[in-house]
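Please look over the sequence and the structure shown below before reading on.

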Amino acid sequence: MNFWNDPLKVAADWLTGIFTGWGMNTVVANVLVAFLGILMLITILMVIDIFLVWIERKVVARFQDRIGPNRLGPFGLIQPFADIIKLMIKEDTTPDHADKFVYNIAPMLSMMSVLILWAVVPLAPVMLGVDLNIGALFIIAAGSIGTLSIIMAGWSSNNKFSVIGAFRQVAVMVSFEVPMLAVLLIPTIFAGSMGINAIIQSQNIWFVWLSPLAAVIFMIAAIAELGRAPFDLAEGESELVSGYNIEYSGMKFGMFYAGELLHAFTFGGFWSIMFFGGYRFFGLELVSPFLAIAIILFKAMVGYWIIMWVKYTVMRIRIDQMLAFNWKFLTPVAFVLVMVTALMNTLLRGAPSWLFITGMLLSNVIVAWVSLEIVRSVSRKERERVEGPKQVVAEAHH
Amino acid sequence: MIPLSWYLILAAGLFSIGLFGVLVRRNAVAILLGVELMLNAVNINLVAFWRYGDVALMAGQVFAIIVFAVAAAEVAVGLALVISVYRRRNTVVAEDLDLLKW
Amino acid sequence: MTGEQIFFLIVGIVTLISGLMVVTVRNLIHAALWLVATLFGVAMIYAILNAGFLAVVQVVVYIGAIAILFIFAVMLTRRQAAETGASVNSNWWLGAIAAVATFAGLFFLLKSWSGFSKTAAAIPSGFDAVNQLGDALTSANGYVLPFEVASVLLLAALVGAVYLAFNKK
């Protein structure tokens, strides 16, 4: 067992040896090592988070035909540090009659709900926090804590705009949890397990080839969970100023902001884990765990880039459109897709892999096509109802 | 190793607290909060009996899941009733809702 | 006392205290937030009992849905500050006596039971509770009928809740 094959275990054994050498109890030493591991992971994530700020600003600048931060350091790389110093030395305000305890705990919960997700992310075949056999459900559970933090922030600020923003955001998150949960069942069906590592290990063929529609629905639901455009109606600058976090200043606001960026990156990672093979890339992950980490971080970055791409090119929609889109379109499609996938999986059990892939792909295409046809006919009727019948007869008079 | 009695005492305590809440609170929403505590106490017992009995028999966990479903249904209908009453009577205090008490 | 027991005691005491706060706190939003703490404690109890699936479902269903619903309901029903007047009714001491009597009755009833202080057998290796639970919920020899009835109940509750809360203009 050498360091380059299993760095985490070697380091943990080494540290445990040192601690027990000091005459420490084995259990205490193990707990301490686990804590150090968590601390290290969180530190690395926060450092990534700092650079996410830079990436986000650079990418949005390119989308808007600007250059973005370029004054501090090469390519403006030091800009995020300047931002952080600014946030830290800002005045830390608390509104009058705010519920102090709830107000202060909400940003922490928001950050925690993101960081806790990384407990189940396998960075390499041998590097993961816990291999829960219910990993897919864990993602949704962590999202629930995020929902709670938003309503706490909105309510405790004692500001009507923040409450309205929180209401909207929670409505979005609670409703889009449903299609996301349904779609997470599809990798579960293919892998035969909810464990994240088992899902990755069973992706000899990326699940996106078996169920592209599921990948698309997961991405849409993830964007909605994040509250990013086109689902950022909780923010709605022109109507609500900035949603649930209006009253926050300084680093408390910074925690919401950094949490949102890291959340987007994390969902990019989960997208790649569920549908694009996670750390797997044609056997490269077996060469070295460090290569596997590079692969999964790259894939997560691609997912994050797609989330940004959508955010900066699609317009915000209204809340009624958003809820109708979810409950009348996305949720039924997700449920139908789960049923079809489960049925096809049973029918094609034991079939050769080319038949399995073709069957799955075809069933996905059919579900997508039928649902889009239904939407098309319904929306045509809706348009006729709103605009009145077409004036064909009047044209003929001339 | 934790003996079964600890779980049962915890559940009994939580149940009694919930019962207290249901009996004494005036606000209808607070009464429903007490009911939630009682349901959770029951669930602790169900899961503890599953773990301390034969783990291959899943009845305890299955019933816990059915309690989840019932709790969700109860909260949805209960809170809808409270909101509906609030719209008509402009109050959520349980003892003010005495239309049937003549 | 083992580490597991100490952990259980901490979780149990926090759960009971936050449960007590739920029924005594005056501000209903705070009561709902204390309920979240209680529910989280119960989820940890499930985790200690090796029922990880139920622990996660507890967080998703109770904290993610039911607690949020409570907070919404409290916000929707407090136009003229609901905190005026007593938060408990005039017979609160009767309620307290009833609760204490219930606890004492349950305690003595359980104490006389022979299995009261038994300990758990180790979970056999290779036993996957999630798989077993899935089989139990969907096999005809298991609990497929109660499971389906529960889903019908949820549908009925959904329709009923929409009908009740719908504002007829």
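## Where chain A meets chain C

How many residues does the contact take from chain A and from chain C? It takes 19 residues from chain A and 17 residues from chain C, where two residues are in contact if their C-beta atoms, placed from the backbone, lie within 7 Å. On the side of chain A that touches chain C, α5 (135-156) and α6 (160-191) of chain A each supply at least two residues, and α5(A) gives the most, with 10 residues. Helices here are DSSP runs (H or I, at least four residues), numbered from the N terminus.

By class, that side of chain A has 15 nonpolar, three polar and one charged residues; Ala, Val, Leu, Ile, Met, Phe, Trp, Tyr, Cys and Pro count as nonpolar, Asp, Glu, Lys and Arg as charged, and the others, Gly among them, as polar.

## Basis of the model

This is a predicted model, in which local features need pLDDT of at least 70 and side-chain atom pairs count only at pLDDT 80 or more, while totals for chains, interfaces and linings use all residues. Residues are numbered from 1 along each chain as its sequence is written, and chains are lettered from A and ligands numbered from 1 in the order in which they are written.

## Where chain C meets chain B

In the contact between these two chains, 59 residues of chain B meet 72 residues of chain C. Among the elements giving two or more residues to the side of chain C that touches chain B are α1 (3-24) and α2 (28-48) of chain C, but α4(C) gives the most, with 11 residues. The residues of this side divide into 54 nonpolar, 16 polar and two charged.

## The largest nonpolar core

The largest nonpolar core has 179 residues, and those with the most contacts inside it are Val29(B), Ala32(C), Ala67(C) and Phe70(C). Such a core is a set of buried Ala, Val, Leu, Ile, Met, Phe, Trp, Tyr and Cys residues joined through C-beta atoms within 7 Å. Helix α3 (residues 52-76) of chain C gives the most to this core, with 18 residues.

Leaving aside neighbours within four places in sequence, Val29(B) is in contact with residues including Val82(B), Leu28(C) and Phe70(C).

## Leu8 of chain B

Leu8(B) is found in helix α1 (residues 4-24) of chain B. Leu8(B) is buried because 24 other C-beta atoms lie within 10 Å, the cut-off for a buried residue being 20 or more. Not counting residues up to four places away in sequence, Leu8(B) touches Asn45(B), Ala48(B) and Leu110(C).

Methods:
A residue is buried if 20 or more other C-beta atoms lie within 10 Å of its own, exposed if 12 or fewer, and partly exposed in between; C-beta atoms are placed from the backbone.
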